[in-house]
Amino acid sequence: MAAAAGAFSLREVLGAFQAAVTERREVLLGPYLRGWRGLVRFLNSLGAIFSFISKDAVAKIQIMESYCGGERQEEYRTLQSMVAYELASGLVDLQRRSEHPDSGCRTVLRLHRALRWLQLFLEGLRTAQEDSKTSTICTDSYNASLATYHPWVVRKAATVAFCALPSRNAFLEIMNVGTPEEAVVMLGDALPHISSVYGITEELYAQHKLLNLP
């Protein structure tokens with residue numbers, strides 16, 4: 001069964017990220033953004049705690065969807081074609097934000113960093129003991145990823161907010177795939193696909209020295 005309208009479905013996210021990678025290890029931006037839409041529903045289901053991340057993610061998704069549906073949409077079919085097109089056309093601010101603050105390369109980089117946090121957090125939920133503190137899992141995942149790019153005041157507020165997170169089983173029920181045990185199995189299926197997308201993106205951005213765009 002499909003998830004209720006607007007509800008998070010781990011199965012849908014799994015399908016989107018699985019469809020995002022081609023046999024040639026290209027990342028299709030359409031399925032990638034659909035997967036991100038699903039992850040935003042996950043964040044929203046947790047309440048205001050993650051609004052500082054989900055609102056930014058939605059803004060970035062909308063920018064990318066406008067490119068993917070715009071006049072140069074063929075250039076934005078895959079992550080690889082986007083990077084090649086924007087670099088060749090001088091559309092990326094490599095040293096400082098100036099003429100192209102919303103380039104596709106910079107926009108995807110922000111999503112890429114947030115995807116790393118979600119990947120670590122979901123993996124932590126999957127492998128943790130039933131009585132593990134989700135606040136600790138989330139804080140450790142955040143400190144190992146997004147925290148690097150946030151100012152101190154945001155890091156402090158996030159860490160405090162994480163203390164109010166629900167139990168691990170409550171998180172697993174939000175996945176909308178059945179029992180907590182079934183959710184753990186589904187996470188085991190989903191995370192390799194998310195990791196694959198993340199790894200290909202990281203490799204591509206490192207190759208073109210895009211990992212530290214301003």
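This is a predicted model: local features need pLDDT of at least 70, side-chain atom pairs count only at pLDDT 80 or more; totals for chains, interfaces and linings use all residues.
Over residues 29–176 the chain is 66% helix. Strand makes up 0% of that stretch. The C-alpha atoms at its ends lie 25 Å apart.

## How helix pairs are described

Two numbers describe a pair of packed helices: the angle between their axes and the distance between the axes.

## Helices α1 and α9

Helix α1 spans residues 10–20, and helix α9 spans residues 180–207. Their axes come within 9 Å and cross at roughly 30°. Angles under 35 degrees count as roughly parallel, so α1 and α9 are roughly parallel to each other. Their crossing is left-handed.

From α1, the contact uses L10, R11, V13, L14, F17, Q18 and A20. From α9 come A183, M186, L187, D189, A190, H193, I194 and V197. By class, this contact has 11 nonpolar residues, 2 polar and 2 charged.

## Helices α2 and α5

Helix α2 covers residues 29–45, and helix α5 covers residues 104–127. They pack at an angle of about 55°, and their axes are 12 Å apart. That angle makes α2 oblique to α5. The crossing of α2 past α5 is left-handed.

On the α2 side, the residues are Y32, L33, W36, L39, F42 and L43. They meet V108, L111, H112, A114, L115, W117, L118, F121 and L122 in α5. The contact of α2 with α5 divides into 14 nonpolar residues, 1 polar and no charged.

## Helices α5 and α6

Helix α5 also packs against helix α6, which runs over residues 134–143. The angle is about 150°, with the axes 8 Å apart. Angles over 145 degrees count as roughly antiparallel, so α5 and α6 are roughly antiparallel to each other. Here α5 passes α6 in a right-handed crossing.

W117, L120, F121, G124 and L125 form the α5 side of the contact. The α6 side consists of T134, I137, C138, S141 and Y142. By class, the residues are 7 nonpolar, 3 polar and no charged. W117 and F121 of α5 take part in this contact, and W117 and F121 also meet α2.

## Cysteines

The whole structure was searched for disulfides, and 0 were found. C68 is in no disulfide. The cysteine sulfur nearest to that of C68 belongs to C105, 12 Å away.

C163 is likewise in no disulfide. For C163, the nearest cysteine sulfur is that of C138, 10 Å away. C138 is one of the α6 residues in the contact with α5.

Definitions and conventions:
Residues are numbered from 1 along each chain as its sequence is written. Side-chain values use heavy atoms; hydrogens and water are left out. Axes are lines fitted to C-alpha atoms, for helices over the stretch in contact, and angles run from 0 to 180 degrees between N-to-C directions. Helices (H or I, at least four residues) and strands (E, at least two) are DSSP runs, numbered from the N terminus. Angles under 35 degrees count as roughly parallel, over 145 as roughly antiparallel, 65 to 115 as roughly perpendicular and the rest as oblique. A crossing is left-handed if the near helix is turned anticlockwise from the far one by less than a right angle, and right-handed if clockwise. Contact means heavy atoms within 4.5 Å. Ala, Val, Leu, Ile, Met, Phe, Trp, Tyr, Cys and Pro count as nonpolar, Asp, Glu, Lys and Arg as charged, and the others, Gly among them, as polar. A disulfide is a pair of cysteine sulfur atoms within 2.5 Å.
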